[in-house]
Amino acid sequence: MRIAIASGKGGTGKTTVSVALARTAEGPVQLLDCDVEAPNAHLFLKPAEVVSETVSVSIPRIDANLCDGCGECSAFCAYNAIVMAGKRAMVFPELCHACGGCARVCPRHAIGEVDRPIGAVESGQAGRVDLVSGRLNVGVAMAPPLIRAVLGRADEEALTLVDGPPGTSCPMVTAVRGADYVVVVTEPTPFGLHDLTLAAETLLELGLPFGVVINRAGMGDERAAEFCEEAGIPVLLQIPHDRRIAEACSRGESIVDALPAYRPVFERLWERLVCAARGPQRPAFPQLRVHPGSADAG
């Protein structure tokens, strides 16, 4: 069973929930930290004997002796990773999506491929938690290939948690695909509600069942909870605005370790997630259509 933890925006407490769930699981659990631009689950779990493996993508290399400057490769590339400067083809590796299409369309067979490192996959054991994290190299713009490399380490027979990247763009979509259930972590603020609506629309489009965890409940207003009620989105848990939680996180401690009173709270959350993941594999509210402007409504 695979449970993905997502959020419409950063800073809502997505990793806090992911780590707490991992620490509360009854048996061995795998946590895949797919927030590859800022992985931080390791700060709380502190895995031992971390092993790192470089991840690369294939980018084009043009043989100037064979290239006749026809421009077929440049015309094919939708991302402008190859441009023509007169009769010379120039490659911009940062824009390349490593699809390999340019090599296929080249009539002179002048394009080969070379590996370009984009990051690393790090794995280690933290008690019963098998932690696998992706770490994107500085300056690399495309996270999905590295996220797929992390997901490729998933044990399909194990209980797996996916700590996804924030937002609703390609990295988030890549991370949640294949999940049995998605938990969207939000906060009771106008910004939290705005991005919750975007996350809801994205998951509806993907056809994935999901529920919401409202973190720091009581800090702001009730519009996030009201939105979920009106839309028929299950609110799985409301974590109160508790200074002790913030203090524990600042020390690199999980909620359930620093504040044992929260352990049964996350045990009950596990029960709800298991039931939801084994239920009908479709959203409970297929008619929902939300728009970013709804966050500004009074």
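Author: Axes here are lines fitted to C-alpha atoms, for helices over the stretch in contact, and angles run from 0 to 180 degrees between N-to-C directions. This is a predicted model in which local features need pLDDT of at least 70 and side-chain atom pairs count only at pLDDT 80 or more, while totals for chains, interfaces and linings use all residues. Residues are numbered from 1 along each chain as its sequence is written, and side-chain values use heavy atoms, with hydrogens and water left out.

Reader: Why are helix 7 and helix 8 called roughly parallel to each other?

Author: The axes of helix 7 (residues 190–206) and helix 8 (residues 223–231) come within 9 Å and cross at roughly 25 degrees. Angles under 35 degrees count as roughly parallel, over 145 as roughly antiparallel, 65 to 115 as roughly perpendicular and the rest as oblique, and helix 7 and helix 8 are therefore roughly parallel. Helices (H or I, at least four residues) and strands (E, at least two) are DSSP runs, numbered from the N terminus.

Reader: What makes the contact of helix 7 with helix 8?

Author: Pro190, Leu193, Leu196 and Thr197 of helix 7 meet Arg223, Ala224, Phe227 and Cys228 of helix 8, where contact means heavy atoms within 4.5 Å.

Reader: Why are helix 1 and helix 11 called roughly perpendicular?

Author: The axes of helix 1 (residues 14–24) and helix 11 (residues 263–277) come within 9 Å and cross at roughly 90 degrees, and these two helices are therefore roughly perpendicular to each other. On the side of helix 1 the contact is made by Val17, Ala20, Leu21, Arg23 and Thr24, and on the side of helix 11 by Arg263, Phe266, Glu267, Leu269, Trp270 and Leu273.

Reader: What makes strand 3 and strand 11 edge strands?

Author: Nine strands form an open sheet of mixed pairing, in the order 3-6-7-2-8-1-9-10-11, and strand 3 (48–62) and strand 11 (235–240) each pair on one side only. Two strands pair if DSSP finds at least two bridges between them; strand 1 (residues 2–6) and strand 8 (residues 159–163) pair in the parallel sense over four bridges.

Reader: Why does Ala98 count as partly exposed?

Author: Its relative accessible area is 32%, and buried means under 20% relative accessible area, exposed over 50%, partly exposed in between (1.4 Å probe, protein chains only). Ala98 lies in the loop between strand 5 (88–91) and helix 4 (101–105) and has a positive phi of about 55 degrees although it is not a glycine.

Reader: How do you know that Arg216 is partly exposed?

Author: Arg216, in strand 10 (residues 210–217), has 22% relative accessibility and therefore counts as partly exposed. Arg216 also has a positive phi, of about 60 degrees, although it is not a glycine.
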